[in-house]
Amino acid sequence: MEASSAGRQDDAGPAGRGQQLAGLLTRVARGDHSAFEEVYDQLAGPVYGLVRKVLRDPAQSEEVAQEVMLDVWRTASRFDASRGSAGAWVMTIAHRRAVDRVRSEQAATRREQSLAVGPVHGEDVAELVESALDQQRVRRCLGSLTPLQAEAVTLAYYGGYTYPQVASLLGVALGTVKTRIRDGLIRMRDCMGVPW
């Protein structure tokens, strides 16, 4: 069966693979173990690659990639094809998990350093507050994008994918991806009040 599904997958192109993956996730949501095996075979490598780009540490990357695939098994019923492709949905989970791990590690490091360093100075507090406000503004503005724009921008700028890779992941034409990202960045710029 693997050979025939692999052959079908190669012939299908990005859009066909995306539809096949969406169908597999529907089966996974119903508890189909063989469908999950196929999803795992298709996405474990790309998930690990994305997580490794964010974390850089191979051992932590393997751990987070396994957590992501476990999340896919548990939450497949939350996948909504009207909001984006199955591949992008899984990669978004992977990116969020990896970023959460980085933040957790950074927070632990900051806690340890703050206990060892001593008192915080006024300019340090101002810098921390300004950084937190910038992060909130970016999240708010990213939330103002359409789901398709947010998905493309997130993969390109937070996931580290090239435009052709984003097009392949989403199963759409390269021009469509470029348009979504351009329009999304224009909306982000306007939302944040940043001049070009």
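Student: What is the volume of the largest pocket?
Tutor: The model is predicted, so local features need pLDDT of at least 70 and side-chain atom pairs count only at pLDDT 80 or more, while totals for chains, interfaces and linings use all residues. Residues are numbered from 1 along each chain as its sequence is written, and side-chain values use heavy atoms, with hydrogens and water left out. A pocket is an open set of points on a 1 Å grid over the protein atoms alone, where a 1.4 Å probe fits and protein lies on both sides within 12 Å along at least five of seven lines. Taking volume as the space filled by probe spheres set on the points, joined across faces, edges and corners, the largest pocket has about 970 Å³.

Student: Which residues lie nearest the centre of the largest pocket?
Tutor: Lining residues are those with an atom within 4 Å of a point. The largest pocket has 30 of them, and by class they are 11 nonpolar, nine polar and 10 charged. Here Ala, Val, Leu, Ile, Met, Phe, Trp, Tyr, Cys and Pro count as nonpolar, Asp, Glu, Lys and Arg as charged, and the others, Gly among them, as polar. Nearest the centre are Thr92, Arg96, Leu142, Ala150 and Thr154.

Student: Which element gives the most residues to the lining of the largest pocket?
Tutor: Two or more residues come from each of helix H3 (58-75), helix H4 (86-117), helix H5 (122-143) and H6. With 10 residues, the element that gives the most is H4.

Student: How many helices does the protein have?
Tutor: Helices (H or I, at least four residues) and strands (E, at least two) are DSSP runs, numbered from the N terminus. The order of elements from the N terminus is α-α-α-α-α-α-α-α. There are zero strands, and the number of helices is eight.

Student: At what angle do the axes of H6 and H8 cross?
Tutor: Axes are lines fitted to C-alpha atoms, for helices over the stretch in contact, and angles run from 0 to 180 degrees between N-to-C directions. The axes of H6 (residues 147-158) and H8 (residues 174-192) come within 8 Å, crossing at roughly 95°. H6 is therefore roughly perpendicular to H8, a term for angles of 65 to 115 degrees. The crossing angle is thus roughly 95°.

Student: Which residues in H8 does H6 meet?
Tutor: Contact means heavy atoms within 4.5 Å. From H6, the residues taking part are Leu148, Gln149, Ala152, Val153, Ala156 and Tyr157. In H8 they meet Arg180, Ile181, Asp183, Gly184, Leu185 and Arg187.

Student: Is histidine 95 buried or exposed?
Tutor: Histidine 95 is found in helix H4. Leaving aside residues up to four places away in sequence, histidine 95 touches Leu50, Val54, Tyr158 and Gly159. Buried means under 20% relative accessible area, exposed over 50%, and partly exposed in between (1.4 Å probe, protein chains only). Because its relative accessibility is 9%, histidine 95 counts as buried.

Student: What separates the C-alpha atoms of tyrosine 161 and leucine 50?
Tutor: Tyrosine 161 is placed in the loop between H6 and helix H7 (163-170), and at 12% relative accessibility it counts as buried. Not counting residues up to four places away in sequence, tyrosine 161 touches several residues, including Pro46, Leu50 and Met91. Although tyrosine 161 and leucine 50 are 111 residues apart along the chain, the separation of their C-alpha atoms is 8.8 Å.

Student: What is phi of arginine 56 near?
Tutor: Arginine 56 lies in the loop between helix H2 (33-55) and H3, and counts as exposed at 62% relative accessibility. Most residues other than glycine have a negative phi. For arginine 56 the value is positive, near 70°.

Note on methods
Parallel < 35°, antiparallel > 145°, perpendicular 65-115°, else oblique.
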